Structure formats: C-alpha cells, structure tokens
Amino acid sequence: MSNNSNGKDHLRKGQKVAWYDSMIAGSVSGVVARVATAPMDTVKIRYQLQPLHETKYQGLISTVRTIVKEEGVRALWKGNVPATAMYVIYGAVQFGSYTGFNNIVSKRWPDTLSQHVQSLVVGALAGVTSSGASYPLDLLRTRLVADRNITGTRLIEVCRETMQTEGLRGFFTGISTAMTTVTLSTATMFLTYESVNILCEKNGSQPWSQPLRASSGMIAGLVSKTIVFPIDTLRRRMQIMNSKRTSSFTELPQVYENYRYKSSISIVLDILKREGPVALYKGLTVGLLKSVPTTAISLFVYEKCMVLLEEVSTA
C-alpha cells in the first residue's frame, strides 16, 4: 500500500480517528474491493464446494470458460447483491469497530500492549464484530454463487427457502466457523500490515523500505488468506450443506448430505477421510490471487477515503 499524502496511518495505535469517518471509508473500500474481484470470488467458491472426486472445474481459465459457456458472463457476478451489501456492512463494521476498539484500548491501557499485540487483539475483535453483523448475507451469497443453473436463483427465493426449511437459524449455519476464520484473518491482516509498516519506518534509510511499505497491504492479504484458507473451505461447505438445492451445486450431492447434523470437527474429519488434506486447500491459488488485491485495495481505498474525509471536515 502506498503512503498517504499526509503520511498518517489511520490504523496505528494512538491515532485519533472518528468512528463514523472510519465506517464511511470502510464501506467505500468494501464496495470497491468487491467490484474489482467478484469473478475470482465466484471461481474460488466453486472450487471450494466441488468435492475432490468431481472434475468439472479444473484450472482457472478453464473454469471461467466453463461458467461463461454454460451460464453466461453474468454468472461470474452471481450473488452480487448480497455480496455487495455484505461488503458494505462488513467493511463499515470492520474498520469502524477497529477504530472504536483501538481508541478504547489506547485510552484505557496506553502502555500495556505493544503496537503489534494491540493490532492483533483489536483486529480479532473487529473480525468477530464484522463477521456476526454480515454473516446471513455471506451465507446467501455462497448459495447463489454455488447454483450452476443457467437462470440461477433469485435472492428472494433463497431467503424464502432457507426460512421455510431451516428456520431463522439456517441463516447462521456455520457462523462459529466463520467467526474463527474472520477473526484469525482480520487479526493476521492488521498485525502483518502494521508490522511491515513499522519495520519500514524503523529502516526508512534502507532502499527496500519504500517498496516494501508500498506492498504492505498485499503482503497482509497473502499471509492472512494462507493461514485461514482450510477453515474458510469448511465454512463454505457448511453454508450449503442443509440446502434443498445441493443437486444444483454439485454432481455429488450425497457428499453434502453426509455433512448434515455433524459438528465442524466431524465434517473436517469426513473431508480428510474421503478427500484427503488437499481438499481443504482447493481454490487456494485463486483465493490468493483474489485476497491479495482485495486486501490491498481495501486498505488503500480506506486510507485515501480517510484523508479525503479529513480534508472535507477541515475545509
């Protein structure tokens, strides 16, 4: 991520940032990141949901061609409505709560935690908060993306079906796994981002400091996604396992029928037994290709928006 025009890092410990400005900037950054990476997100989810013994989707380019040929170009943006809404809510709550928690910790315990530890703790809290607030939309997005039918399924139909067959709890299937994923991902992302920036500041005279700092957002996305990807795959599979439309999601719907009424640990063991460890990393390459620009764009746009909002407020 590039340096701000005023050199200020709005995620740094001790920085006084208005929570409402942070929420606005977070919402904008979420939407921009979503629009830029939506097709890769669709491909990644299709990979994660495809059982290892199914071979429909093989290779990034081949998968894109298959989806476009069978479902049309618009299929690459399936689930875009709930996904965009999710990114707005998630981005706003993530950055807004990060700022709020950061201000509270800095004020009440100014000398207790180091910058690295505080970034980790505050990032984890922000991850839990944002995940809980946006989870139903995440589940709906996954089910819409998973549908391989040419016409797809409308959002209202998925909502109605989920409520009728699974009840309100159906919108929160797998939420504990999601919170684990997002908490680890968010904490790792902010910790890595701040650690790289601090390292660059301490070595500002070194020729590698500026290029490294410019890449801090990309590095943060790469590290966080690699660490949590197996848990993310588990979350995706749990999100569709109770749906009546599993036959539209895969050629092997029985795989998901075996997951029903099982705990997350039991499902992981089932995946390891039937498909092996590699199944938990299906789509990792695409996930990294998506996550790196998503995180970099999100952090870059957030900082730029914060600078703009500060300029407007002081004009």
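User: Which residue does K262 form a salt bridge with?

Analyst: K262 pairs with D270, and the closest N and O atoms are 3.4 Å apart. Keep in mind that this is a predicted model.

User: Are those two buried or exposed, or something in between?

Analyst: D270 is buried, at 7% relative accessibility. K262 is partly exposed, at 32%.

User: Which residues do salt bridges with shared partners join into one network?

Analyst: That network is made up of R34, D41, K44, D138, R141, D232, R235, R236 and K290.

User: And how many salt bridges turn up in the whole structure?

Analyst: The search finds 19. One of them is between E71 and R46, with 2.9 Å between the closest N and O atoms. That pair links distant parts of the chain, 25 residues apart: E71 sits in helix α2 (residues 60-71) and R46 in helix α1 (residues 19-49).

User: Why does R46 count as buried?

Analyst: Because its relative accessibility is 2%, and the cut-off for buried is under 20%. E71 is buried too, at 8% relative accessibility.

User: What does E201 pair with?

Analyst: The side chain of E201 meets that of R213 in a salt bridge, 3.4 Å from N to O. Here too, distant parts of the chain are linked: E201 belongs to helix α6 (residues 175-202) and R213 to helix α7 (residues 209-214), 12 residues apart.

User: How accessible are they, E201 and R213?

Analyst: E201 is partly exposed, with a relative accessible area of 42%. R213 counts as buried, at 15% relative accessibility.

User: OK, switching topic. How many cavities of 30 Å³ or more are there?

Analyst: The count comes to 1. The largest cavity holds about 630 Å³ of space.

User: Which lining residues are closest to its centre?

Analyst: Y87, Y90, S185, K290 and T294 are the closest, out of 33 residues that line the largest cavity.

Note on methods. Residues are numbered from 1 along each chain as its sequence is written. This is a predicted model: local features need pLDDT of at least 70, side-chain atom pairs count only at pLDDT 80 or more; totals for chains, interfaces and linings use all residues. Side-chain values use heavy atoms; hydrogens and water are left out. A salt bridge is a side-chain nitrogen of Lys or Arg within 4 Å of a carboxyl oxygen of Asp or Glu. Helices (H or I, at least four residues) and strands (E, at least two) are DSSP runs, numbered from the N terminus. Buried means under 20% relative accessible area, exposed over 50%, partly exposed in between (1.4 Å probe, protein chains only). On a 1 Å grid over the protein atoms alone, a cavity is a set of points where a 1.4 Å probe fits but cannot get out, and a pocket is an open set with protein on both sides within 12 Å along at least five of seven lines; lining residues have an atom within 4 Å of a point. Grid points are joined across faces, edges and corners, and a volume is the space filled by probe spheres set on the points.
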